Amino acid sequence: MPSNKSVSDAPIVQFTNCRILRDHQLQREDLWVREGKILNPEKLFFDEKGSADVQLDCKDSIIAPGFIDVQINGGFGVDFSLATDDFKSGIDLVSQKILSHGVTSFCPTLVTSPPSVYHQVLPQINVRNGGAHGAGILGAHLEGPFISKEKKGAHPEHCLRTFEAGAFQDLLATYGSLDCVQIVTLAPEMRRSSEVIQELTKRGICVSLGHSVANLSQAEEAVQHGATFITHLFNAMLPFHHRDPGIVGLLTSDKIPAGRRVFYGMISDGIHTNPAALRIAHRAHPKGLVLVTDAIAGMGLAPGRHTLGQQVVEIDGLNTYIAGTKTLSGSVATMDTCVRHFQEATGCSVETALEVASLHPAQLLGIEHKKGTLNYDSDADFLMLNDSLYVQATYIAGEEVWRQDVSGM
Amino acid sequence: MKLIILENYSQASEWAAKYIRNRIVQFGPGPGRFFTLGLPTGLPKDHPESYHSFMWNNFFKHIDISPENVHILDGNAPDLQAECDAFEEKIKAAGGIELFVGGIGPDGHIAFNEPGSSLVSRTRVKTLAMDTILANARFFDGDLSKVPTMALTVGVGTVMDAREVMILITGAHKAFALYKAIEDGVNHMWTVSAFQQHPNTVFVCDEDATLELKVKTVKYFKGLMLVHNKLVEPLYSMKEMGAERSQPKKPYSD
């Protein structure tokens, strides 16, 4: 039918026969897309008197916003903490491969490394939109080196640092540049952390607490200075104690500044956290839960040995340990398996399982006006999934960038 | 008039839908214009309770109508009376209304022609009666101050000009209005009674809406259902339209 569009001549695509995640519910509605953004069909109809150019039958799929992974160390043989010559092609490879896991935006994560690594690698990470080439890069997540020795986990001890001498200047000198940095994980009990947290927050960088032995008041103080995230809750922090809940206590703390929300990452691969602990956290503070993969280079590859920055890790099934130890180091989980495992373990609704991987990370990074939802005028980054939450197709800016092979690989 | 009595809301809706479908097919696809009746003033188009939103969500988004063929009175037009006059002109230009479909209020109003509206009125701005405002409060979270007090509406005269009128009346709360509409006299306090003087009116209702009618009336019209059902069976389709053209337009008339 002839369309008479007064605003733009760009083609309009109408996705029909689907259930879309909107306003926290799966609604039987069509999804309209124009110029890479979600379009309001009512406005199109009445104001522009326009109609769709192409109609696609989604065969009753679920359409959800694309997943956002804010903690991923690498995959498919690529390690973001290794300053190799072909670093750029490595990041491109990962960003392209994770499309099949439903990830449309991510934060490449660097574990504790010597300053030389940061100085070489960070300038090669650029914030960029996703597309057929791969998922969008939102910015780097720097996990360390300003973390606690006692809770270093898989991070190399000889690279740990403090900033008690020069506070923020020390941090800047270590990293070299903060231009494309989105998140920094640090241990708030370190001296002068408040100044650092304030300075980072002022620059729009999300501060996350992790690999720390902080008690609850130290954690609350950090939040008051601007921290908004907890890195892989329960892992690499003091366990919950009923007289000092530690960082875990932030989930139900009453000292959080008004209007702010503390988010917390969880690796729901069935290994990093016992499902019962996952449920306790989810029930205590459902709106703050953010699924992360914490995937390492070995993700997507056969079991065996791989690197994680300065360390060697051994993969055995779903378990990833520092070679020769029982220290967990990252995971080989993919985002979509995390979503499915989360839904199964908590018994939550499909809507919730999808939101903890899309809406909540977008809210954490303050980008929910354009990512993480299917609201009108948002970026058209979305997924088609079947009822068991297996990704059938991935779209970025309204273009199909990955589709499940029909032969069922 | 034809009074079609079905058992309940769903059946009444289905009968009406089939009838409208047959009428559309008989009318032929051609220019096929579509007008909507009335719009409360002051609500922005994208307000969830505006007629634009109502029509979009309940009708337009489910069909393939061309947006140019949709004419809804704009309650936010700078000159409301000019908007109403233009609406009347558009109806004339389209060749007049072939079939008008509407409901009635508990006070017997058709469109927003409240009690006391002239039976020869045209499209204009109307102040709403308290009854109507109360009835609409449910769309505004029960907050009376949020309910619009004025509306643009087609007039009784405008609807009388249509070649056929169909009124849908369901529910016990409409029963008294239906009684006043068809068993009492023509009266501007119950504006829908004006259709007693229209040559082609169909009232579709459910059992509950007949609660205030005389048993004699109800029995009479129920007895006619065999004949009335011929209007919805067979169900015509656009593909068969060519073959059906040779058949008379209506199986019988009043």
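The legends below describe close-up views of a predicted model.

**View 1**
A polar contact of 2.9 Å connects it to the side chain of A:Asp30. The side chain of A:Gln55 is joined to that of A:Gln14 by a polar contact of 2.7 Å. Beyond its neighbours within four places in sequence, A:Gln14 is also in contact with other residues, including A:Leu31, A:Trp32 and A:Val54.

**View 2. The second largest pocket, with a lining from chains A and B.**
This pocket holds about 540 Å³ of space. Its lining has 28 residues, and the closest to the centre are A:Pro41, A:Glu42, A:Tyr376, B:Trp56 and B:Asn57. Two or more lining residues come from each of S1, strand S3 (31-34) and helix H1 (41-48) of chain A, and from helix H2 (51-58) of chain B. H1(A) gives the most, with five residues. By type, the lining of the second largest pocket has 10 nonpolar, seven polar and 11 charged residues.

**View 3. The annotated binding site residues A:Glu143, A:His211 and A:His232.**
The "binding site" label comes from an unreviewed UniProt entry. The three residues span 90 residues in sequence, but no two of their C-alpha atoms are more than 10.9 Å apart, so they gather at one spot. A:Glu143 is in strand S11 (residues 140-143) of chain A, and is buried at 2% relative accessibility. Among the residues that A:Glu143 touches are A:His155, A:His211, A:His232 and A:Asp294. A:His211 sits in the loop between strand S13 (206-209) and helix H6 (216-224) of chain A, and is buried at 3% relative accessibility. The side chain of A:His211 reaches the backbone oxygen of A:Lys151 at 2.8 Å. Contacts of A:His211 include A:Glu143, A:His155 and A:His232.

**View 4. The annotated active site residue A:Asp294.**
The "active site" label on A:Asp294 is a UniProt annotation from an unreviewed entry. A:Asp294 lies in the loop that runs between strand S16 (289-291) and strand S17 (304-308) of chain A. Its relative accessible area is 5%, and A:Asp294 is buried. Setting aside neighbours within four places in sequence, A:Asp294 is in contact with A:Gln71, A:Asn73, A:Glu143, A:His232, A:Ile267, A:Gly330 and A:Ser331.

Technical notes
Residues are numbered from 1 along each chain as its sequence is written. Chains are lettered from A and ligands numbered from 1 in the order in which they are written. This is a predicted model: local features need pLDDT of at least 70, side-chain atom pairs count only at pLDDT 80 or more; totals for chains, interfaces and linings use all residues. Side-chain values use heavy atoms; hydrogens and water are left out. A polar contact is a pair of N or O atoms within 3.5 Å; within protein, one must be able to donate a hydrogen and the other to accept it, and residues adjacent in sequence count only if both atoms are side-chain atoms. Contact means heavy atoms within 4.5 Å. On a 1 Å grid over the protein atoms alone, a cavity is a set of points where a 1.4 Å probe fits but cannot get out, and a pocket is an open set with protein on both sides within 12 Å along at least five of seven lines; lining residues have an atom within 4 Å of a point. Grid points are joined across faces, edges and corners, and a volume is the space filled by probe spheres set on the points. Helices (H or I, at least four residues) and strands (E, at least two) are DSSP runs, numbered from the N terminus. Ala, Val, Leu, Ile, Met, Phe, Trp, Tyr, Cys and Pro count as nonpolar, Asp, Glu, Lys and Arg as charged, and the others, Gly among them, as polar. UniProt positions are given in the numbering used here, feature names are shortened, and annotations may be inferred rather than shown by experiment. Buried means under 20% relative accessible area, exposed over 50%, partly exposed in between (1.4 Å probe, protein chains only).
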